[in-house]
Amino acid sequence: MITDGADPHEYIERSIRRLQLGQVASEDGSWLEGVFGKAARRYEQWAKQKLKEFLRACSVDYDGGLRSDVPGTPRFEKLSLGQIASCFDRISKHVDQAIERGVFKSTIDYSAFCRQMFEINEVWKDCIKHGYTNLNVAEALKQLGNMKATIERSHQFHE
């Protein structure tokens, strides 16, 4: 899944520690954006892989059943984090059905998982991709925490 070093969860945890300990050269600007951006790119790769697993578990075919609803109709490999979050949201009915079939635990909070992913994407998009807003340490820590939480939550979906 991730070929260049640490897994996303481990990288995100290290990034959180670095920020909490003040080990980033500046608390705003390019250093902070670099730390957050690298974590977000790894997270995006993780989310794409996790979406593939969910689609398989829910018997949903991306090309045949979901792609036409995704803006730009990208190939699966080209999905952005926002498109991935949108796909997770669009398959919520299928996830509910998978819960009924016992594929996923009935105690999962799928809506919280989706909400956090959308929130991460908004900050990624506004602060890094488009540069509309300056990223600060507090927001970076919050979204890194959301990345970590969704990764951990995803492990709880399976019985």
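Predicted model: local features only at pLDDT ≥ 70, side-chain atom pairs only at ≥ 80, totals over all residues.
The opening pair is helix α4, residues 81–90, and helix α6, residues 110–129; their axes cross at roughly 160° and come within 9 Å. The two helices are therefore roughly antiparallel to each other, and their crossing is left-handed. On the α4 side, the contact residues include Leu81, Ile84, Ala85 and Phe88, while those on α6 include Phe113, Cys114, Met117 and Trp124. Sorted by class, this contact comprises 11 nonpolar, three polar and one charged residues.

The next pair is helix α2, residues 30–57, with helix α7, residues 137–155. Here the axes come within 11 Å and cross at roughly 20°, which makes α2 roughly parallel to α7. The crossing of α2 and α7 is left-handed. Among the residues that form the contact are Phe36, Tyr43, Trp46 and Lys50 of α2, and Leu144, Met147 and Ile151 of α7. By class, the contact between α2 and α7 has 11 nonpolar, three polar and one charged residues.

Finally, the cysteines. How many disulfides does a search of the whole structure find? The search returns zero. Cys58 is in no disulfide, and the nearest cysteine sulfur, belonging to Cys114, lies 11 Å away. Cys114 is also one of the α6 residues that meet α4. Are Cys58 and Cys127 buried or exposed? Cys58 counts as buried because its relative accessibility is 5%, and Cys127 counts as buried at 7%.

Definitions and conventions:
Residues numbered from 1 in each chain as written. Heavy atoms only, no water. Axes fitted to C-alpha atoms, helices over the stretch in contact; angles between N-to-C directions. Helix = DSSP H or I, 4+ residues; strand = E, 2+ residues; numbered from the N terminus. Parallel < 35°, antiparallel > 145°, perpendicular 65-115°, else oblique. Left-handed = near helix turned anticlockwise from the far one by under 90°. Contact = heavy atoms within 4.5 Å. Nonpolar A, V, L, I, M, F, W, Y, C, P; charged D, E, K, R; others polar. Disulfide = S-S within 2.5 Å. Buried < 20%, exposed > 50% of the residue type's maximum accessible area, 1.4 Å probe, protein only.
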